[in-house]
Amino acid sequence: MALTALLLGAIELGRDGSAAGSPGLAGAGQLVEWSLPVVTLAGRIAAVGTIGTLLFAAVLLPGGRVGLSSAGRRATVAASWWAVGWAAATALGAVLTLSRLVGAPPTALTWSAVRVFVGDTGAGRAALLVVALTAVLAFGARRCSRPVVARILLAGALVALIVPVVLTGHSSGAGDHALAATTLAVHVVAAGVWVGGLLALVAHGRRSGELAGAVARFSPIALLCLLVTALSGVVAAGAVLGGAAALLGALDSGYGWLLVAKTAALVVLGLLGWQHRRRTLPRLHAGEPGSFRRFAAVEVLVMLATLALAVALASSPPPQSAAAAATGSGSPVAAAPGTAADPMAGHDHGELSVAVLIDGERFHVAGPVAAGSRVTVHNSTVQEGTITAADGSFDVVVPGRSLITFLAPAEPGTYPFTNRHSTTFGDVLVVE
């Protein structure tokens, strides 16, 4: 309950007081808006639980040629259950994400929308891959009996962790996608190993002899993860926001405050780790594990709170995204003074965006699209519409209450388009 309250409060801070939805456009409802980040957090916790228990069995415990020890087997069985929770949270999160994407409650989603989401959007493909990988992890971990198999499963869990980073999120909309995606992938892997490893030590390090050896192996890993998490986090934030100057400028926004809070939490975790080295590790090696367990349990709670801040940060629009949304349809042309922001901003969720939305009055274009990429179109009305380019480069029919995609032109440029069923509809698709 405390983590949920922290998460929802941080999301409100990240929104800078703006509403989650948009006036005049269909919304998925407050239940979806608030449930999605909670489910996302549950999935993140299940992910680090899976990674940590596999790390405990595969690396932190001494493994013999015969197979895993009893503690290692307990850890792999726990990893199987963690993976089941990870898969369930991913599947539910995908349903809620699609619901938010099209602005309709989950009960109103159509199979055609689900098919397009899973087959043609990065978020849908990522969810499908993660569910498949975690299902394999759940099956394999349940039957794992050798350290080498546990290491293979650990590698699979790390792959499942970075799949959404590569296919979705703020990094995919950054100016240098490769740099942003790579640094963010390194960031989440380091954080996942760090948080998951300590969580596994607290939950499964029951015998003082096993715990002391496992902690000795985990200590240098934790220090490395701390340094990598801090460095990659700064680089990833700079890449997403567009450089050091933009990073400093973002500190006046809710997004910037979340960055500060997450950084402060990282500093606190570093200080807690330093106290471990000074006080609890000597007691642990002296045969007094209680002090380490109590201190580590507090550290795990701080880590989970930091995870909540990370989910809130990912759910909040970076400052430049909000500014771009305020320019109107998202095209490079600035809005005229005194005009209201385009309500399309409420349907702009980074890479996972409705690129073109049709409502009862006109088109709404979220922003430029990449040449040759998949353009997502949502028709929020009950009437059929079309996206018809003036030069004939694309002409697609969009049934009422549907979600479709089409390929953007391969050549960069501006492509005016209309709706063949209504001459009052018209806009421009900018292809970069």
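## Second largest pocket

The helix α10 supplies seven residues, the largest share, to the lining of the second largest pocket; helices are DSSP runs of H or I with at least four residues, strands are runs of E with at least two, and both are numbered from the N terminus. The elements that contribute two or more residues to this lining are α7 (177-204), α8 (208-241), α10 (254-285) and α11 (289-315).

In total, 18 residues line the second largest pocket, and Ser 219, Ala 222, Gly 273, His 276 and Arg 277 lie nearest its centre. A pocket is an open set of points on a 1 Å grid over the protein atoms alone, with protein on both sides within 12 Å along at least five of seven lines, and lining residues have an atom within 4 Å of a point. The volume of the second largest pocket is about 280 Å³. By class, its lining comprises 12 nonpolar, four polar and two charged residues.

## Basis of the model

The model is predicted, and local features need pLDDT of at least 70, side-chain atom pairs count only at pLDDT 80 or more, and totals for chains, interfaces and linings use all residues. Residues are numbered from 1 along each chain as its sequence is written, and side-chain values use heavy atoms, with hydrogens and water left out.

## Antiparallel sheet

An open sheet of four strands runs in the order β5-β4-β7-β8 with antiparallel pairing; two strands pair if DSSP finds at least two bridges between them. Its edge strands, β5 (395-398) and β8 (422-431), each pair on one side only.

Within the sheet, β4 (residues 385-389) and β7 (residues 413-419) are joined in the antiparallel sense over two bridges. Thr 388 has Thr 418 of β7 as its bridge partner.

Conventions:
On a 1 Å grid over the protein atoms alone, a cavity is a set of points where a 1.4 Å probe fits but cannot get out, and a pocket is an open set with protein on both sides within 12 Å along at least five of seven lines; lining residues have an atom within 4 Å of a point. Grid points are joined across faces, edges and corners, and a volume is the space filled by probe spheres set on the points. Ala, Val, Leu, Ile, Met, Phe, Trp, Tyr, Cys and Pro count as nonpolar, Asp, Glu, Lys and Arg as charged, and the others, Gly among them, as polar.
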